[in-house]
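Here's a quick tour for anyone opening this model for the first time. Have a look, then read on.

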Amino acid sequence: MRNEPAAPVAVTLPASAGASAQARQVVGDAAVAWGLSDDAADDAALVVTELVSNAVDHATGPVGLTVSRTDSGLRIEVADESSAPPQPRPVQVDSARGRGLIIVAALSRSWGTEPTADGKVVWAELDG
């Protein structure tokens, strides 16, 4: 018998420095509740950190976070009020920044962006 899928978790985070830590907590709690592997939880923590950090750095207004259970793992969605899509940029070897979307792409099965009426959603799906 198959378990029913877990309900998505949705929160609104302030566009501030503490948002990424809050997002990691939300994703970590969901991963534990859904019985995902430690590796999946760790990967999801890195992905959500990058997505939320990008939203805080490049958008205005609050940041929406939705975490959903999928058949094979989880989906992370980060909504912000900027219509500008995320742009991977060349990595500067002497900079600690600029690797976020590379990390997201490496750890996710797939990722992308979708426009919304008041901005966009950047999403990533990870195996669990």
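With which side chain does the side chain of glutamate 125 make a polar contact? The partner is the side chain of arginine 75, at 2.8 Å (a polar contact is a pair of N or O atoms within 3.5 Å, where one must be able to donate a hydrogen and the other to accept it, and residues adjacent in sequence count only if both atoms are side-chain atoms).

## Before going further

This is a predicted model, where local features need pLDDT of at least 70 and side-chain atom pairs pLDDT 80 or more, while totals for chains, interfaces and linings use all residues. Residues are numbered from 1 along each chain, and side-chain values use heavy atoms, leaving out hydrogens and water.

## Around glutamate 125

Glutamate 125 sits in strand E5; strands are DSSP runs of E with at least two residues, helices runs of H or I with at least four, numbered from the N terminus. It counts as buried because its relative accessibility is 17% (buried is under 20%, exposed over 50%, partly exposed in between, with a 1.4 Å probe and protein chains only).

## Strand E3 and its partners

E3 covers residues 73-80, and six of its eight residues are buried. Strand E5 (residues 119-127) runs antiparallel to E3, with eight bridges joining them; strands pair if DSSP finds at least two bridges between them. Glycine 73 has aspartate 127 as its bridge partner in E5.

Strand E2 (residues 63-69) is also antiparallel to E3, through six bridges. A hairpin of three residues links E2 to E3, and leucine 65 stands opposite valine 78.
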